[in-house]
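I opened my notebook to look through this structure step by step and to write down what I found.

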Amino acid sequence: MATANGESGSHPTLIGSVQRALRLLEAVGAHEDGAPAKQLARETGLPLPTTYHLLRTLTHEGYLRRENGVFVFGEAAEAIGRAGARRRQRAQISEALALAGRELGAAVYFAVYREGEVEVVAVTDDPERPPVEEWVDFRSTAHAHAIGQCLLAQLDDATRKEHLARYPVQSITPFSLDTEDDLLRRLDTVRRGQAAYERHEYALGTVCAAIPIQVGAAAAALAVSLPAEELHRLRSVTDRLRKMAEATLTTLAFSISI
């Protein structure tokens with residue numbers, strides 16, 4: 001009897017046509033410049049008519065394309081590859097941030113401004129140095145946290161104005177900036193000092209700092225947060241983070257932001 005998972009007893013139900021299509025994709029992937037149908041049939045052990053049928057289907061669905069008589073990966077297959085590569089790259093920067101966090105004794109963040117939104121790409125997950133809890137959406141409160149202030153300071157005037165039209169400045173703690181003029185003055189300070197510092201503005205009991213990093217044309221930032229009682233460490237930790245960014249973190253950040 002088949003189970004709810006599509007299994008019969010202890011043996012899973014396998015779809016032969018899907019298996020054959022996957023073997024073809026693997027065979028195509030083994031050839032950097034592609035391969036013709038007859039060669040793919042030989043390598044997979046599939047009958048030539050079956051091979052042609054599957055190749056037509058995979059081409060129609062965008063997983064393959066035919067160029068000069070050979071089959072190569074299409075956009076759909078390349079998108080899967082890019083997604084896998086991005087996951088690996090995110091894992092790499094998460095590992096790098098974890099190492100930095102342990103050395104700094106702080107929670108560490110990497111964020112970018114992409115398609116009109118603040119995106120926290122990676123953050124350390126150390127129970128001894130937990131990151132700030134996102135109790136109000138980071139995207140709508142860029143004015144209230146060091147990450148957002150650092151990113152906003154890097155935008156051109158038109159882009160920043162458009163962002164603030166969608167997400168107006170408003171206090172979320174008693175320490176938050178509460179007018180756009182106050183924010184613009186703060187952003188001038190951030191640009192001059194190449195660092196954003198905030199105390200209790202997003203989360204009570206927490207102090208944060210963020211530094212801009214170069215990742216092509218994108219606005220990006222590395223940031224740290226500490227308990228408020230460790231405010232005396234914030235500037236020295238930020239300076240050490242900047243040195244780490246210059247050494248290794250910027251390269252990793254660039255690889256997943258493009």
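This is a predicted model: local features need pLDDT of at least 70, side-chain atom pairs count only at pLDDT 80 or more; totals for chains, interfaces and linings use all residues.

I then looked up where Ile15 sits, and found it in the loop between strand 2 (11–12) and helix 1 (16–29). Together with Val18 and Leu22, Ile15 makes a nonpolar surface patch of about 250 Å².

**Strand 9 and its partners**

Next I turned to strand 9 (residues 218–227), which is mostly covered, with eight of its 10 residues buried. On one count, strand 5 (residues 107–114) runs antiparallel to strand 9 and is joined to it by seven bridges, and here I noted Ala107 opposite Ser225. Strand 8 (residues 206–215) also runs antiparallel to strand 9, with 10 bridges between them, and Ile211 stands opposite Leu222. I saw that strand 8 and strand 9 form a hairpin with two residues between them, and that Gly216 in the turn has a positive phi of about 70°.

**Aromatic rings**

I looked up the aromatic pairs and the count came to two. In one of these, the ring centres of Trp135 and Tyr202 are 6.3 Å apart and the planes stand at 55°, so the pair is tilted. Trp135 lies in the loop between strand 6 (117–123) and helix 5 (146–154), and Tyr202 in the loop between strand 7 (196–199) and strand 8, so the pair ties together parts that are 67 residues apart in sequence. Trp135 is partly exposed at 49% relative accessibility, whereas Tyr202 is buried at 2%. I also noted that Trp135, Phe138 and Tyr202 form one aromatic cluster.

Definitions and conventions: Residues are numbered from 1 along each chain as its sequence is written. Side-chain values use heavy atoms; hydrogens and water are left out. Patches are made of residues with over 30% relative accessible area and no salt bridge: like charges are joined within 9 Å, nonpolar side chains (Val, Leu, Ile, Met, Phe, Trp, Tyr) within 5 Å. Accessible areas come from the Shrake-Rupley method with a 1.4 Å probe; for residues, only the protein chains shown count as cover. A salt bridge is a side-chain nitrogen of Lys or Arg within 4 Å of a carboxyl oxygen of Asp or Glu. Helices (H or I, at least four residues) and strands (E, at least two) are DSSP runs, numbered from the N terminus. Buried means under 20% relative accessible area, exposed over 50%, partly exposed in between (1.4 Å probe, protein chains only). Two strands pair if DSSP finds at least two bridges between them. Rings of Phe, Tyr and Trp (its six-membered ring) pair if their centres lie within 6.5 Å; planes under 30 degrees apart count as stacked, over 60 as edge-to-face and the rest as tilted.
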